[in-house]
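Here are some notes to go with the model, for anyone opening it for the first time. Keep the structure open beside you as you read.

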Amino acid sequence: MTTITRRAITTIAIAATTAGGAATAVAHGDMPASTSPTPSTMAKAGKATKANITVSKAVVRMVPPGSANTAAYMNIRSKGMPDRLLRASVPKSFAMKTELHRSMMVDGQMKMVQQKSIAIPRNGTRVLKMGSFHLMIMGLTGNLVAGKRIRITLTFQKAGRVMVSAPIMEM
Amino acid sequence: MSRTLITAAAVLAGALLLAGCGGGGAGQQATGLTGFTRDPVPQVGGVSLPDVGPVGKGKSVPMRAKPGNLLVVYFGFASCPDICPTTLSDVRGALKRLPVEQRTRVEVAMVTVDPKRDTAKVMRSYVGHFFESWRAYRTTDAAALADAEKAFGASHSITPSKSGGYDVVHSAFTYVVDDQGRLLVEWPFAMPRRDISQDLSTILEEDTNT
């Protein structure tokens, strides 16, 4: 009984948080203040433009030595037509594979759900951020070094391949 | 905007909690905290799991803070790429906002819900990366872990994934326990650092004054 009540409460709380965060993110392309890297480190974040797609604020999360996985975050803006992020990859020397994921609250628990693709809205920005859509980089081949840049290749339905150099950052 | 929503949700949740449990009465501390509080305050000090960090060195350590201190407890796993490191980074960021005399009175404990992949070595490296004063709870006894989760109101589940591995789903609250083993407040995922910091500061100040 207690558990059920607790879960219901959690779901309400997180649903509210997520709804607010998502709305803000789509409108302004901002990360929530609590989880944004500091402005000074943000300046070095990766940026790339191809066709209608502009990728900005691309970063790879610094994780402790021995960690198997990490995540990458970025803003993806489409000027004009909507597009769709189909795949992402990093060099094999860095990690085994990269998947598109979304963290979400389900029945009071945080769950990561793999995404077949991530929609980029018409004339809008999709924010890949903590606790939401992100790239999951799996099977790290070694310990990460803060500041080192990782080449991320993004494949879009319309814009094709876009490469962005994202720094590893402590967040 | 989202802050307002969180606050509204917290208020709503608080109301529901009272309604759901038919509680009332003993409205202890709970003054001016942004995180969720429960009534009655849960007692988790009786929970004891092996701490593979520098404090326990593999021995069982009860989940309560040292005298006059606070223990921040999080259930998660080290290969979690998004939620867990975000939460731990937020707690770290919140601690940095505290004056030294308060910061040194807060210890952070992570309890792994994935002991298979999170070996003692992985746990030490992981938790030690984030904090100066920490515990790394790890048990391979599933029943003991379940009991610990139950005491806090935490939960997790492990399901096979398409790729042949397994996915871990878990509750993502961060809990604050005092030296009496009382669970004083808990924060949902993505709680702003300033609010975490403020809650810790409020409790530590109350503790100093009494």
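1. Start with Arg117(B) and Asp114(B), which pair up in a salt bridge with their closest N and O atoms 2.7 Å apart. Bear in mind that this is a predicted model. Buried here means under 20% relative accessible area.

2. Counting over all chains, you get 7 salt bridges. One of them joins the side chains of Glu186(B) and Arg38(B), 2.8 Å from N to O. Have a look at where these two come from: Glu186(B) belongs to strand E9 (residues 183–187) of chain B, and Arg38(B) to the loop between helix H1 (2–21) and strand E1 (48–50), so the pair links parts of the chain 148 residues apart. Both residues are buried.

3. Another salt bridge to look up is Arg135(B) with Glu107(B), where the closest N and O atoms are 2.9 Å apart. Since Arg135(B) is in strand E5 of chain B and Glu107(B) in strand E4, the pair ties together parts 28 residues apart in sequence. Here too, both partners are buried.

4. Which residues of helix H4 (residues 120–130) of chain B are buried? They are Met123(B), Tyr126(B), Val127(B) and Phe130(B). Looking down the axis of H4(B), you'll find them within an arc of 85°, so they line one face of the helix. Their cover includes helix H2 (83–97), strand E4 (106–112) and strand E5 (134–137) of chain B.

5. Now for the nonpolar cores. The largest has 63 residues, and those touching the most other members are Val73(B), Phe75(B), Phe131(B), Phe152(B) and Leu200(B). Apart from it lies another core, of 33 residues, including Ile53(A), Leu100(A), Leu128(A) and Ala159(A). Beyond its neighbours within four places in sequence, Val73(B) has contacts that include Ala109(B), Val111(B), Phe152(B) and Phe173(B).

6. Ser103(A) counts as buried, at 3% relative accessibility. Setting aside neighbours within four places in sequence, its contacts include Lys111(A), His134(A) and Ile83(B).

7. Last, chain B as a whole: 6 helices and 9 strands, with 54% of its 210 residues counted as buried. Of its contacts between residues at least 6 apart in sequence, 69% join residues at least 24 apart.

Key. Residues are numbered from 1 along each chain as its sequence is written. Chains are lettered from A and ligands numbered from 1 in the order in which they are written. This is a predicted model: local features need pLDDT of at least 70, side-chain atom pairs count only at pLDDT 80 or more; totals for chains, interfaces and linings use all residues. Side-chain values use heavy atoms; hydrogens and water are left out. Helices (H or I, at least four residues) and strands (E, at least two) are DSSP runs, numbered from the N terminus. Buried means under 20% relative accessible area, exposed over 50%, partly exposed in between (1.4 Å probe, protein chains only). Contact means heavy atoms within 4.5 Å. The arc is that of the directions from the helix axis to the C-beta atoms. A nonpolar core is a set of buried Ala, Val, Leu, Ile, Met, Phe, Trp, Tyr and Cys residues joined through side-chain atoms within 4.5 Å. A salt bridge is a side-chain nitrogen of Lys or Arg within 4 Å of a carboxyl oxygen of Asp or Glu.
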